[in-house]
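Trainee: Could you help me see where the words used for a structure come from? I would like to set values against definitions.

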Amino acid sequence: MSEQSIPEFRKTSYFNPYVGGVLLGLVLLAAFYISGRGLGASGAVKSAVVAGVETIAPSHAENTKFYSDYADAHPNGPLKSWLVFEMLGVLIGGFISGAIHGRLKLQVEHSPKITSRKRLIFALAGGILFGIGSQLGRGCTSGSALSGMAVLSMGGFISMIFIFGTAYALAYFVRKLWI
Amino acid sequence: MGPLIVYENITQNTNLFFAFLIGIGFGFVLEASGFSSSRKLAGQFYGYDTTVIKVFFTAAITAGIGLLIFGLFGWIDLDLIYINPYYKWSTIVGGMIMGAGFILGGFCPGTSFTGVAIGKIDAMIFVGGLLLGILIFTEGYPIFEGLYMAAYKGTPRVSSMMGISDGLFLLGLVIVAFGMFYVAEWAEKKFPLKEGSK
């Protein structure tokens, strides 16, 4: 195997996964201990969407039940939320780790068997599906599955089983995207 | 005693500041574990890289055992921590849609942000997709509402549903996790990424 054929994610060094897992568990425990809640991600994106709609189409937001209910439930505005601040931290924490480990690079990462364009089309499609699914499921892999499992909630385990189970079930059919 | 937000009367702004610090830790660990790479994340579904399963389950049992111990020592009031509500059908259908998004897009929402942080253009497009997908949900809410609100089951915990203690359930979960780690280590040897071999 030539030097060039080794995928980039194999050339860089990452934490031992079990060490990374314990550290992630401790971050999650800190969130419960300090704020009484788990980690999350999709909720922050929802806050951004609601804030965007309220800014761009204020009368539409006022006259649509979903947004007016959301505004009633979040009297300080959609952006003054725990998850929004947490996700700003995620961007900074991810950047710090990337800088320390020499991984900062503007690029499209994809299998050599597909084009960048194809990768980006599927990234968009995957994002749209994850966006819809995370709203129906009241949280994504972090907020519903991981945080839910840590508190032994039924919702957390069912989320985890259906997210990972569906991805495994479909993996064979889209294998050309990845292997 | 925790949660500090309740028992130590920390202000809302202090809580948001802690959210920011916790997020830095969250993002750092995700990136340092390799979750900023979609090819590494997707590896779990083909066996060539099972980092996600190892990190995810180690984190879940670490936090679960941590909460159990904190509760036993009286350091945290477990009645006051957030348990996600369980709406049977929206959890199942939402999970399936997310699973399809995971295998097509190669990221989940949290990991895509760490990809964005280090310059992955595919992660930025994925986040664009998230915004669109959530907008489809918020704009189309009347269509989704029936499914979204159906079969509300409260906030059940698996241990109490099974009629066993949290400790016993966690012990079982640890055993299952170690079994999965064993399979994961085996799979990485069995299904290496054959790149450049053609």
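Mentor: Gladly! Let's begin between the chains: the count for chain B and chain A is 3 salt bridges. This is a predicted model, where local features need pLDDT of at least 70, side-chain atom pairs count only at pLDDT 80 or more, and totals for chains, interfaces and linings use all residues. Residues are numbered from 1 along each chain as its sequence is written, chains are lettered from A and ligands numbered from 1 in the order in which they are written, and side-chain values use heavy atoms, leaving out hydrogens and water.

Trainee: How many salt bridges does the rule find across the interface of domain 1 of chain A and domain 2 of chain A?

Mentor: There the rule finds 0. Still, 10 residues of domain 1 of chain A are in contact with 11 residues of domain 2 of chain A (contact means heavy atoms within 4.5 Å). Those domains span 15–105 and 107–179, with bounds from an automatic or database domain assignment.

Trainee: Why is A:Ile100 called exposed?

Mentor: Buried means under 20% relative accessible area, exposed over 50%, and partly exposed in between (1.4 Å probe, protein chains only). A:Ile100 has 58%, so the word is exposed.

Conventions. A salt bridge is a side-chain nitrogen of Lys or Arg within 4 Å of a carboxyl oxygen of Asp or Glu.
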